[in-house]
Amino acid sequence: MLVLALETATIVSGVAVATEERLLAEVTAARLTHSETLQPHIELALEMAGVSRSEVEAVAVSLGPGSFTGLRIGLAAAKAMAYAWNVPLLGVPTLAALAAQFPVPGARVVSLIDAQKGSAYMAAYEWGEDGLIEREGAAIYSLDEVLARCAAMPGPVLLAGDIAQKKLAKRDDLPANVRLAPPDMILPRAAAVARLGIKQLKSGDAGSVMTMEPIYIRRSEAEVLWEKRHKKAAL
């Protein structure tokens, strides 16, 4: 069960090649343009893993929420490969992939992705006997609301995501039950997307190349501005 996984929902451009038993290769870079780096990263990851395109049995992709442009680039590439290679397409929520990097039984893992304007995309997870369990679905909250929700959660809470380090690390009002993930583990990884994708593949939960869409949660700024301009023009 050989899976090629893509992570482009944030500043990370990540590609992983993995089986159920092990990670064969992973290429990760940050602060680079996905449209320029993704394809070279795919080729490099396959080369590092020592496998050919014909050996790939499924393509997994991070679906968001996150960067609108990054999500579209990643999903377009994943759809093209899954269609051309005639293999299953697996869509993995980005917040779940981020939480999957922290298998900490007995704690809540709260995944955060910057939603701009002082807010964050948030979802909460817990580890059970069968793996990751979603306790709170993805939604947008202000950072103050995030901390309030975390304070009300039972037991220790681990905050994951780069916005936690950028915006919350220096605050003196963190709830007593909250800890921040280490700086080297704050961004989503393609390896986690591969792991969750493989679990989907085993359960027969593959998506459709024709209908799979990113998880946006809210409209892009471009869509909002377009609507405002056309409303003004209609008046």
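Where is the place of P65 in the chain? P65 is located in the loop between strand 4 (58-62) and helix 2. The peptide bond that joins G64 and P65 is cis, with omega about 10°.

## Basis of the model

The structure is a predicted model, in which local features need pLDDT of at least 70 and side-chain atom pairs count only at pLDDT 80 or more, whereas totals for chains, interfaces and linings use all residues. Residues are numbered from 1 along each chain as its sequence is written, and side-chain values use heavy atoms, with hydrogens and water left out.

## The chain as a whole

The chain contains seven helices and ten strands. Helices (H or I, at least four residues) and strands (E, at least two) are DSSP runs, numbered from the N terminus. Along its principal axes, the C-alpha trace spans about 55 × 50 × 30 Å. The radius of gyration of the chain is 18 Å, which agrees with the value near 18 Å for a compact globule with 235 residues. This radius is taken over C-alpha atoms, and the globule rule is 2.2 Å times the number of residues to the power 0.38.

Of the 235 residues, 51% count as buried. Buried means under 20% relative accessible area, exposed means over 50%, and partly exposed lies in between (1.4 Å probe, protein chains only). The accessible surface of the chain comes to about 11700 Å², and 54% of this surface belongs to carbon and sulfur atoms. Accessible areas come from the Shrake-Rupley method with a 1.4 Å probe; for residues, only the protein chains shown count as cover. Among contacts (heavy atoms within 4.5 Å), those between residues 24 or more positions apart account for 63% of the contacts with a separation of 6 or more.

## Helix 4 and its cover

Helix 4 comprises residues 143-151, and its buried residues are L143, V146, L147 and C150. These residues lie on the same side of helix 4 because they cover an arc of only 95° around the axis. The arc is that of the directions from the helix axis to the C-beta atoms. In general, an α-helix has 3.6 residues a turn, so residues three or four places apart point the same way.

Several elements cover the buried residues of helix 4, including strand 6 (108-114), strand 7 (119-128), strand 8, strand 9 (157-160), helix 5 (162-168) and strand 10 (178-180). Strand 8 (residues 131-142) contains E134. Residues up to four places away in sequence aside, E134 touches A124 and Y125. E134 and A29 are 105 residues apart in sequence and 28 Å apart in space, C-alpha to C-alpha.

## The loop between helix 5 and strand 10

N177 is found in the loop between helix 5 and strand 10. N177 counts as buried because its relative accessibility is 19%. Not counting residues up to four places away in sequence, N177 touches C150, A151, M153, G155, P156 and V157. A polar atom of the N177 side chain lies 3.4 Å from the backbone oxygen of M153.

A169 also lies in the loop between helix 5 and strand 10. With a relative accessible area of 36%, A169 is partly exposed. Apart from its neighbours within four places in sequence, A169 is in contact with A164 and L180. A169 and T33 are 136 residues apart in sequence and 27 Å apart in space, C-alpha to C-alpha.

Q116 lies in the loop between strand 6 and strand 7. Although Q116 is not a glycine, it has a positive phi of about 70°. K117 lies in the loop between strand 6 and strand 7, and its phi, near 55°, is a positive value in a residue other than glycine. K117 is exposed, with a relative accessible area of 68%.

## The aromatic pair

The structure holds one aromatic pair. F68 and Y216 form this pair, which is stacked, at 4.8 Å centre to centre and with 10° between the planes. The pair links distant parts of the chain, 148 residues apart: F68 is in helix 2 (residues 68-85), and Y216 is in the loop between helix 6 (190-202) and helix 7 (221-234). Rings of Phe, Tyr and Trp (its six-membered ring) pair if their centres lie within 6.5 Å; planes under 30 degrees apart count as stacked, over 60 as edge-to-face and the rest as tilted.

F68 counts as buried at 15% relative accessibility, whereas Y216 counts as partly exposed at 25%.

Technical notes: Polar contact = N/O pair within 3.5 Å; in protein donor to acceptor, adjacent residues only side chain to side chain.
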